[in-house]
Amino acid sequence: MLEAKQYVQARDFFAYKLNDFPKSAKAYYGRAYANFHLKNYFSALYDIEESISFDNTVADAYLLKGKILYYLEEYDQAFLEFDKADWHYRNENPVALRWRGIARFQLGQRRLAIDDFNKAVALGDEDANYILITSFEYIRNLAE
């Protein structure tokens, strides 16, 4: 359902699963992912925090939490989560690097943001390349 972008159905499915498995990090992650895409950011934040409390080794969870915080305009906290994701990915995930760069840009850390974008580009991330080519237009569009 998540791959098919059926987020309402996915959210309901994971809520149902949580009745049977109330400590399932995967179910909380799935519901957080669905809520994030439904723009239910506070519900998504609750769910991802629950997911991390049951399994704090999943890089994707930190990446999602960072995105949620970013859209809540909590850029400093988002940066910390992207940094944790990058650590868990061992500096090999271009998406985590790009998002950390985006958060750094919002925090006024332009030089460090450019470094993150360049690392992401070196790992094949076209979005990071687009950010650099268009002088950060991509980041401005995220806020709209």
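**From chain to helix**

Analyst: Happy to. Keep in mind that this is a predicted model. Read along the sequence, the pattern is α-α-α-α-α-α-α-α-α, with nine helices and zero strands in the chain.

User: How do I judge the overall shape? What radius of gyration would a compact globule with 144 residues have?

Analyst: For 144 residues, the compact-globule value is near 15 Å, and the chain has 15 Å, so the two agree. The C-alpha trace spans about 45 × 30 × 25 Å along its principal axes.

User: And what share of the residues is buried?

Analyst: Buried residues, meaning those under 20% relative accessible area, make up 42% of the 144. As for contacts between residues at least 6 apart in sequence, 44% of them join residues at least 24 apart.

User: What about the surface and the charges?

Analyst: The accessible surface comes to about 8100 Å², with 49% of that belonging to carbon and sulfur atoms. There are 18 positive and 22 negative side chains, and the centres of the two sets lie 1 Å apart.

User: Now a single helix. How do I read which way its residues point?

Analyst: An α-helix has 3.6 residues a turn, so residues three or four places apart point the same way. Take α3, residues 41-54: its 14 residues reach 20 Å from first C-alpha to last, close to the 20 Å expected.

User: Which residues of α3 are buried, and what covers them?

Analyst: The buried ones are Tyr41, Ala44, Leu45, Asp47, Ile48, Ser51 and Ile52. Their cover includes α2 (25-37) and α4 (59-71).

Note on methods. Residues are numbered from 1 along each chain as its sequence is written. This is a predicted model: local features need pLDDT of at least 70, side-chain atom pairs count only at pLDDT 80 or more; totals for chains, interfaces and linings use all residues. Side-chain values use heavy atoms; hydrogens and water are left out. Helices (H or I, at least four residues) and strands (E, at least two) are DSSP runs, numbered from the N terminus. The expected span of a helix is 1.5 Å times one less than its number of residues. Buried means under 20% relative accessible area, exposed over 50%, partly exposed in between (1.4 Å probe, protein chains only). Contact means heavy atoms within 4.5 Å. The radius of gyration is taken over C-alpha atoms; the globule rule is 2.2 Å times the number of residues to the power 0.38. Accessible areas come from the Shrake-Rupley method with a 1.4 Å probe; for residues, only the protein chains shown count as cover. Lys and Arg count as positive and Asp and Glu as negative; His and the chain ends are not counted. The place of a charge is taken as NZ of Lys, CZ of Arg, CG of Asp or CD of Glu.
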